[in-house]
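Take a look at the chain below. What can be read from its fold, its surface and its charges?

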Amino acid sequence: MGFITEPGFVQSVKKMLEDDLAVCVAVDLNEYDKKPLWFKLAVRVSRLLTPLL
């Protein structure tokens, strides 16, 4: 496994992550439980499709 040290790339990824985190909303378990079945299935499928390291 290698590391990326190119400063421009590192800064762009850092900004992307900070921008994503700025608009995140915490969801508690009760709120998730109220979601429709299709949403819960979509969440599970998307987790299966996430590449594993």
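Predicted model: local features only at pLDDT ≥ 70, side-chain atom pairs only at ≥ 80, totals over all residues.

Residues are numbered from 1 along each chain as its sequence is written, and side-chain values use heavy atoms, without hydrogens and water.

The protein chain has 3 helices and 0 strands. Its pattern along the sequence is α-α-α. Helices are DSSP runs of H or I with at least four residues, strands are E runs of at least two, and both are numbered from the N terminus.

The radius of gyration is 16 Å, whereas a compact globule of 53 residues would have one near 10 Å. That radius is taken over C-alpha atoms, and the globule rule is 2.2 Å times the number of residues to the power 0.38. The C-alpha trace spans about 45 × 25 × 15 Å along its principal axes.

How many of the 53 residues count as buried? The share is 0%. Buried means under 20% relative accessible area, exposed over 50%, and partly exposed in between (1.4 Å probe, protein chains only).

Now the patch. Ile4, Phe9 and Val10 form a nonpolar patch on the surface, with about 270 Å² of accessible area together. Patch residues have over 30% relative accessible area and no salt bridge; nonpolar side chains are joined within 5 Å, like charges within 9 Å. A salt bridge puts a side-chain nitrogen of Lys or Arg within 4 Å of a carboxyl oxygen of Asp or Glu. Areas come from the Shrake-Rupley method with a 1.4 Å probe; for residues, only the protein chains shown count as cover. Val10 is found in helix α1 (residues 7-22). Val10 is partly exposed, at 34% relative accessible area.
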